[in-house]
Amino acid sequence: MRNVDTWRALLTERTKDEVVTKALVRDVELPGGAGTMALITLDNGFDHTKPNTFGPHGLLALNGALSEIAQRTDLAAVGVTGKPFVFGVGADLKGAAALTGREEALAIGALGHHVFRRLGELDVPSFAFVNGAAMGGGLEVALHCTYRTISSGVPAVALPECSLGLVPGWGGTQLLPRLIGPANAIKLIVENPLAQNRMTRGRQAFELGLADALFEPADFLEESLRWAARVLKGEVTVERTDHTATDWDKPVSDARFLVDMKLHGAAPAPYRALDLIALARTASRDEGFAAEDEALADLLLSDELRAGLYSFDLVQRRAKRPAGAPDASLARKVTKVGVVGAGLMASQMALLFARRLEVPVVLTDLDQARLDKGVAYVHAEVDKLAGKGRVSPDQANRLKALVTGSLTKDAFADADFVIEAVFEDLAVKKKVFAEVEAVVRPDCVLATNTSSLSVTAMGAELAHPERLVGFHFFNPVAVMPLLEIVRGGSTDDATLATAFAVGKALKKSSVLVKDAPAFVVNRLLTRFMGEVIGAVDEGTPLETAEHALDGLGLPMTPFALLQLVGPAVGMHVAETLHEAFPERFGVSAKLAALVASGKPGVYRPDFSLDEEAVALFAGGSAPSTAEQVRERVLKALAEEIRIMLDEGVVAAPQDIDLCMILGAGWPFHLGGITPFLDRAGYAPSRFLPQGVASLPV
Amino acid sequence: MPSSRDVVFVDGVRTPFGRSGPKGLYAETRADDLVVRVIRELMRRNPGLPPERVDEVAIAATTQIGDQGLTIGRSAAVLAGLPKTVPGYAIDRMCAGAMTAVTTVAGGIAFGAYDVAIAGGVEHMGRHPMGEGVDPNPRFLSEKLVDPSALVMGMTAENLHDRYPSITKERADAYAVLSQEKVAKAYADGKIQPDLVPTAVRTAERGWGLATQDEAPRPGTTTAALSTLKTPFRPHGNVTAGNSSGINDGATGCVVAAADVARELGLAPKMRLVSYAFAGVDPEVMGVGPIPSTERALRLANLEMSDIGLIEINEAFAVQVLAFLEHFGLADDDPRVNPYGGAIAFGHPLASSGVRLMTQLARQFGERPDVRYGITTMCVGMGMGGTVIWENLA
């Protein structure tokens, strides 16, 4: 008990603002005379939009409830369930960020263990009734119980800690592998978090062995209590597998290999998680939990975690309230969309607009065959969705009927939003918009999907340039979450607000950017690529340059990225930027040779190097080491970002990071990029103050 | 298609009844969730009944708005997970809602329109106080179509004491005490619990709990205690909270089927529907309603009161039960009447009560194979009575 007082003293002052999850206790008479259960409801007093989390105050509240329960002799069992729709979603991250000393970091781990493990160490059996979302520490509460039931309506069961830079350190790494085996535990603890935080549903969780019984949501608690009564009366026996007898080394080493492929050691958390899982086979509870405490403390005090929390906040909050967006009430209603062009990009956009806005979408093209192909693409994609059961047959009919093609732009006459996806050439785009403007209403928003051209220049000859806005998707349109919304020189607030409203309806995260060459993501990726290719041009072996930045844990190597984008497109953006900033953006003759060769990149389809393509990059007399390439690239990125901020391309470094996370898939542990550049010392002056995305001094 | 075939009561359940109000069992529980729980329990208790064979879900509620609105029979069926092919509707005859749900689907079954139906009722009088949202036509009073007291049930009970001067407050209180005693004994003997469906309840303040028994009964009630209660409907009157049913929340439901289909599905029906009748009376003495409805139902069945071995009569007010007994020449403590006690103790969530009567009669039938016929009857606001006569299949 003295420990609890110590932890309380260490922790509670720092986390005074915690939204406390209370542990409400109520006696329940179990059916069939199975006795009395003390049923704990975890509830922070808010509705499901503010889910239950655990900070020191919440842990102490649960501890208090368990202390009272432990003194009772009239109980047959203890139960834990959540408030409607939510069981518990983990640690209070805001509070976790407030802990900055090692003693405190150790204390939060130890307090969590102390409280949660009581659930499994009472004189009577304990039951978790997982009625709603159970993540992180919430799921660990359930893992500590003797038995678990889960609702088939639970949308999310997960241990997402590794995605942020933590480990499930309140028992998760020790209890889960023993319950469901090392391979499944690794999937939940390591693989899913590294795969865009994939969630497990209630039924899957049951099938994995995470829960002992599955009930439908309509009367989940009643049937769970009935089941608990039958367990207590011996009418139901729960069979568990002893997984300690199986081979743990192989799944752990396989996972280590996969993690290394992805991260190259860039983020410590998944490695620590694997160490702990490996330990769980033989470690006693005390040993295992103590090891978790140490890992938690190390990670809580790591800059990678701080960057992870910062990134999480960007994606969860800033992405939803874009900085600089005008008042949403200025947005005009969009009831019909026009898409100029019927190529792949245009067709992908048409499908997305039809699915998300559920309004008519007209594609135009001068060529009937291309038009037919574009509409056919959308119809085929809709059929695929229907085939997978993602849309009903009626919805499929509706979507197909929404998307039509027209050879003339007259079809845009009653459109509210017309976007072009034609060839990336200023003259072509200007001509297109002149034609569009001739038929549309004066308040119809005109949007360009240009990736690098000037929106202002594009609108120069329009009668109403104020309704032109940049609306830059990333490929593949349906998947990539980022939209760069570009305010041109004349763009008015109503147009901009409409663009943001459409972006939101498309379920994209929009970032407001200034009309500057290549905006944010392409400018930084091109600078990045330019430096890598520059080093190769100077004589650095391609493979050396290609892997010089592996240690960052980026989603792709530079030449793999080039191949995804396509050398010709990459070249085109490079040329645009070279024109704008010749001193910082080069145009590589070797890249031009690759484009001329018609090869898709330096890799063959099986990811082996195409020696012929690699040979195009030979030559040069001043090779760099990998370390030199890395220095050069990161310094260049820091320089470019500083210039972009000075130019006012975006409102703040946070927007740069949000763009890189959502548009380029750059990882949480780098915080996008500026937190990493700050902590690695590449920025001449910090982008973010110490303490933001980094440990406070 | 028109046909006539035997209709049987297969099985009935109910939620425990709660006291209405901010501290009541179901203060923060939705009415439709109570119905869902009942439907799911019926399906669970009768695994031989494939869900897609349910042809209708008729759920009664007096106040059909909010969580008792949205055509509650249909919406509760969907929420309960019955196949979307199963239709449903809402029905209302105030206190006799669930009874009317049963007789209406029974008519449909006899006609051949359905094979199997779920019928029941719900009233969350805490969320929907009596008279919520009503807008009585001014002609009721201007043309003296009804007495001003007709819409206040307690006043109609006082009026009944006027009509039956022999029924004193003392007799009413004594009847109420007996009802409490019978309920306490039925609970002690485990007669009530088997047909209750434990229901999850939650309040923001206390978290989740489980309702496992009725909240309203007051075991140990004495006539001395009752004699001190106020008579809110009339100064120095006769009707008190002690000799009336309370304000309650709860839901009931049952499976009704064609006898041949019940056989086909291997269900175990408990009662056969013999006859039913509804009758109208002066609204200001609505409590006498069961008298003409029972006379009519007996006549339709070609039976006499002496043929009836068990009577489940809803105790909206003690005086109304006593008027019925007096009319048919039965003693106040006739053992055939409400052997497990009645609504004075259990409570009376208006539209749900009819099926409680049937469920209890079915259980009594099970214990009394010697009894052939029983009746369920109740009075209804706006001056009505309803009676259903059942044959014991045990």
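Reader: How many residues are in the largest nonpolar core?
Author: This is a predicted model, in which local features need pLDDT of at least 70, side-chain atom pairs count only at pLDDT 80 or more, and totals for chains, interfaces and linings use all residues. Residues are numbered from 1 along each chain as its sequence is written, and chains are lettered from A and ligands numbered from 1 in the order in which they are written. A nonpolar core is a set of buried Ala, Val, Leu, Ile, Met, Phe, Trp, Tyr and Cys residues joined through C-beta atoms within 7 Å; buried means that 20 or more other C-beta atoms, placed from the backbone, lie within 10 Å of the residue's own. Among the members that touch the most others are Ala350(A) and Val35(B), and the core's total is 360 residues.

Reader: Which residues does Val35(B) touch?
Author: Contact requires C-beta atoms, placed from the backbone, within 7 Å. Leaving out residues up to four places away in sequence, Val35(B) touches Ile59(B), Ile72(B), Ala76(B), Gly120(B), Val122(B) and Ala251(B).

Reader: Which helix do the buried residues of α5(B) pack against?
Author: Helices are DSSP runs of H or I with at least four residues, strands are runs of E with at least two, and both are numbered from the N terminus. Helix α5(B) covers residues 153-163, and its buried residues include Met153(B), Leu160(B) and His161(B). Their packing partner is α10 (318-328) of chain B.

Reader: Which element supplies the largest share of the side of chain B that touches chain A?
Author: In this interface, 16 residues of chain B are in contact with 16 residues of chain A. At least two residues each come from α1 (31-45), β6 (199-203) and β7 (207-211) of chain B. The largest share is four residues, and it comes from β7(B).

Reader: Which strands stand at the edges of the six-stranded open sheet in chain A?
Author: The strand order is β1-β2-β3-β5-β7-β9, with mixed pairing; two strands pair if DSSP finds at least two bridges between them. Each edge strand has a single partner, so one side of it is left without a neighbour in the sheet. The edge strands are β1 (22-29) and β9 (213-215) of chain A.

Reader: What is the bridge partner of Leu39(A) in β3(A)?
Author: Strands β2 (residues 36-43) and β3 (residues 77-82) of chain A pair in the parallel sense over six bridges. In β3(A), the partner of Leu39(A) is Gly79(A).

Methods:
Two residues are in contact if their C-beta atoms, placed from the backbone, lie within 7 Å. A residue is buried if 20 or more other C-beta atoms lie within 10 Å of its own, exposed if 12 or fewer, and partly exposed in between; C-beta atoms are placed from the backbone.
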